[in-house]
Amino acid sequence: MMSAPHADQLVSDYLGRLDSALAGLPKARREEILDEITNHIAEERSRLHDESDADLRNLLDRVGDPGEVAGAARDETVEPQVQRPSRRIGPVEVLALVLTPLFWPAGVILLWLSPAWNLRDRLIGTLLPPGGYIFIFFFLPLILFGGLQPSGSCMTVSDSQGNVIQHSCTGFEALPGWQQDLLQAAGIGMFLLLLVLPVLTAIYLTYRARKWSSEPVG
């Protein structure tokens with residue numbers, strides 16, 4: 001068999017372009033592909049009699065453009081990305097968020113049934129504050145009418161002419177005025193905190209549920 005005048009140069013140029021096109025693939029995979037193509041070209045050349053440059057170019061055309069061969073090899077190497085389904089916030093989670101501050105018993109039950117929250121989240125929803133607004137508004141009349149006001153009394157002793165002989169106070173009334181004001185302000189602040197705490201808890205649980213729903217399943 002007679003070889004084409006430029007056979008080695010044509011094959012070398014082809015393999016060089018293929019090697020460049022395979023850049024980015026792992027070295028072992030790149031060498032494997034080059035060996036396969038080299039052996040394939042050698043096998044096809046062995047079937048040619050009196051090969052010419054034209055015959056060799058036709059052979060290389062049948063092997064394929066180096067860019068296309070490299071693209072096909074790259075597609076085989078890249079593992080397909082599996083789309084994992086994400087979690088969804090369903091009716092149980094929505095009802096738990098709405099009912100926990102408003103109708104505490106039912107909301108807490110749903111809170112513990114849903115997988116959207118971990119143990120810490122469930123304890124926060126259950127205990128901050130316990131009872132939600134039901135607890136707050138149950139004690140609201142007592143607060144407004146002084147049922148929970150600090151106790152104390154003052155006693156004045158006068159003589160027969162109306163002169164004050166002794167004036168004494170006990171409990172809350174015995175405290176200095178600034179301490180009384182401080183305790184009253186603390187009581188008002190605690191009551192206001194109780195009013196907003198269920199809302200803050202609901203916001204926190206909503207954030208945790210959205211974070212849970214954004215995580216892939218599995």
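I looked up the α1 and α3 pair and found an angle of roughly 20° between the axes; α1 and α3 are therefore roughly parallel to each other (angles under 35 degrees count as roughly parallel, over 145 as roughly antiparallel, 65 to 115 as roughly perpendicular and the rest as oblique). The axes of α1 and helix α3, residues 53-63, come within 10 Å. I take axes as lines fitted to C-alpha atoms, for helices over the stretch in contact, with angles running from 0 to 180 degrees between N-to-C directions. Helices (H or I, at least four residues) and strands (E, at least two) are DSSP runs, numbered from the N terminus.

I noted the sources. The model is predicted: local features need pLDDT of at least 70 and side-chain atom pairs count only at pLDDT 80 or more, while totals for chains, interfaces and linings use all residues. Residues are numbered from 1 along each chain as its sequence is written, and side-chain values use heavy atoms, leaving out hydrogens and water.

For contact (heavy atoms within 4.5 Å), I listed Ala7, Leu10, Val11 and Tyr14 in α1 against Asp53, Leu56, Arg57, Leu60 and Val63 in α3. I sorted these residues into seven nonpolar, no polar and two charged (Ala, Val, Leu, Ile, Met, Phe, Trp, Tyr, Cys and Pro count as nonpolar, Asp, Glu, Lys and Arg as charged, and the others, Gly among them, as polar).

I turned next to α1 (residues 7-21) and α2 (residues 27-45), whose axes come within 11 Å and cross at roughly 155°. This pair is therefore roughly antiparallel, and the crossing of α1 and α2 is right-handed. On the α1 side the contact includes Asp8, Leu15 and Leu18, and on the α2 side Arg30, Leu34 and Ile37 are among the residues. The contact of α1 with α2 divides into eight nonpolar, one polar and four charged residues.

I checked aspartate 8, which lies in helix α1. Is aspartate 8 buried or exposed? Aspartate 8 is exposed, at a relative accessible area of 61% (buried means under 20%, exposed over 50%, partly exposed in between, with a 1.4 Å probe and protein chains only). Its C-alpha lies 9.9 Å from that of leucine 56, 48 residues apart in sequence.

Technical notes:
Left-handed = near helix turned anticlockwise from the far one by under 90°.
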